[in-house]
Amino acid sequence: MCYAKVMMVKIKNRKAITFTEIMMATVMLVVLLLPVFNFLTKSMKDTEKIHVECVALTHARQIMDTMMYQIPFRDIRVDQVSNKNYCYFETPPTSDTKLQEQLNREKTFLNTIIPEIFGKENDQYKEGNKLIGNGLIKTDKGFLIRTRAKVEEIDRNGEEKLLLIKGMKPDDFIFKNLTSRNADNNYSLVKKIVVQVKWSLIKGKDPNEDKKAKTMFLVGFKSDIEG
Amino acid sequence: MKKNKKGLAIVVVMAFAFGIAIIMFAMVQSSSNLTAQTKRTIYQMQASYLAQSCIQFAKLHIFLLPKEMYNYYKDDRSKTDSLENCQSSLLPGIGMKNDNDISKDYDLFENDKAPEGKFPFKGEFHVDELKYLLSNDNMKMVQDNYHIRVFAEVDLGKGKTFKTDPVEEDFIVSRFSGR
């Protein structure tokens, strides 16, 4: 009888499986299930990654929405002397009593909204008494997110040809001829806003110290259409 | 009668392996979808704010020059092109379409990495049409109604762009005060 036939007879006649076979089956099962478990672990990490990403994106959107639609044009200011990478928020000075009442309301609004949107962790939204476009957020799960907004005034001298209505000479409609100087002594009617949000995927780590930190930008141009 | 079970093992093993493969594929697919979705959300947000910027900028034209704008449409109300040159790429300080408009390592958290006049990404917006609708002149203040449609896009690199759907808005402007 050949070897194969002998083996077949042995297999047919046996009443149990050997320990070696059980071990081999177990090893095969482990090899198959290992990537599945790995994937599940990765999924849990991904959930946390998505959580911090969502919070970061929501704050970026909140900052941009508030600056584009809620904070008055005149209160978004640029520190032209220090040339810092963030703007500040302050109502302009006035001698008009009626306007002062309105500005006081705006001041109260700014004091409430700025820490909310930029994040109040470690009072990073303040520089002395000044409210600045900078902040630090700590999420419920302990991740840290940094926020910052920079503003540039477009056409400070009011001499650029920015108003382009078809058939009209743009030279006649420069900002200088259409508006008076603002509180910062320039003619700008458009402000460029850049919002940056930076977050680390490691709990408790400052994104500025994490080389693998994630970041995103939003850009908007706010025009002075408030009157 | 005894059934012939020869070869059944291979079928069972194949079915099991196939099942596992499908589960793994579905998991990997859903994970990569999430990453792509986040990126898409960011591009959508970036393009959307450019479109909103375009609407504000177009309104600035009309609020500053309400009478001039009305005069443009006075004789031919079917025109829609008064702001056809209102394109970000044509505007000094606002254009962010070309390579020299952006800074690749733009970072607000590091000194000197956010130079004035530069942008962190490329994009563009333009007014597609500005329609004059009608005037309310039976009131104390004469008011003009306009309808605007704008488009914006973000450059994703490698010749790809993310475009917004048209963003449209109706608004009313006082012909004499511009507000």
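Helices (H or I, at least four residues) and strands (E, at least two) are DSSP runs, and they are numbered from the N terminus. Chain A contains four helices and eight strands, and from the N terminus on these elements follow the order α-α-β-β-α-β-β-β-β-α-β-β.

This is a predicted model, in which local features need pLDDT of at least 70 and side-chain atom pairs count only at pLDDT 80 or more, while totals for chains, interfaces and linings use all residues. Residues are numbered from 1 along each chain as its sequence is written, chains are lettered from A and ligands numbered from 1 in the order in which they are written, and side-chain values use heavy atoms, with hydrogens and water left out.

**Overall form**

The radius of gyration, taken over C-alpha atoms, can be set against a globule rule of 2.2 Å times the number of residues to the power 0.38. Chain A has 31 Å, whereas a compact globule of 227 residues would have a value near 17 Å. The C-alpha trace of chain A spans about 110 × 50 × 30 Å along its principal axes. Of the 227 residues in chain A, 44% are buried, where buried means under 20% relative accessible area, exposed over 50%, and partly exposed in between (1.4 Å probe, protein chains only).

**Strands and their pairing**

Two strands pair if DSSP finds at least two bridges between them. In chain A, an open sheet of four strands has the order β1-β2-β4-β3, with antiparallel pairing. Its edge strands are β1 (76-77) and β3 (126-127) of chain A, each of which pairs on one side only.

| Strand pair | Bridges |
|---|---|
| β3(A) and β4(A) (residues 130-132) | two bridges |
| β6(A) (residues 144-154) and β7(A) | 10 bridges |
| β7(A) and β8(A) (residues 214-223) | 10 bridges |

Individual partners can be found in these pairs: A:Glu127 has A:Lys130 in β4(A) as its bridge partner, A:Glu153 stands opposite A:Lys191 in β7(A), and A:Trp199 has A:Lys214 in β8(A) as its bridge partner.

**Strand β7**

Why is strand β7 of chain A largely enclosed by the rest of the structure? In this strand (residues 190-199), 10 of the 10 residues are buried, so β7 of chain A is largely enclosed by the rest of the structure. In a regular strand the side chains alternate between the two faces of the sheet. From β7(A), A:Val190, A:Lys192, A:Val194, A:Gln196 and A:Lys198 point one way, while A:Lys191, A:Ile193, A:Val195, A:Val197 and A:Trp199 point the other way, and all are buried.
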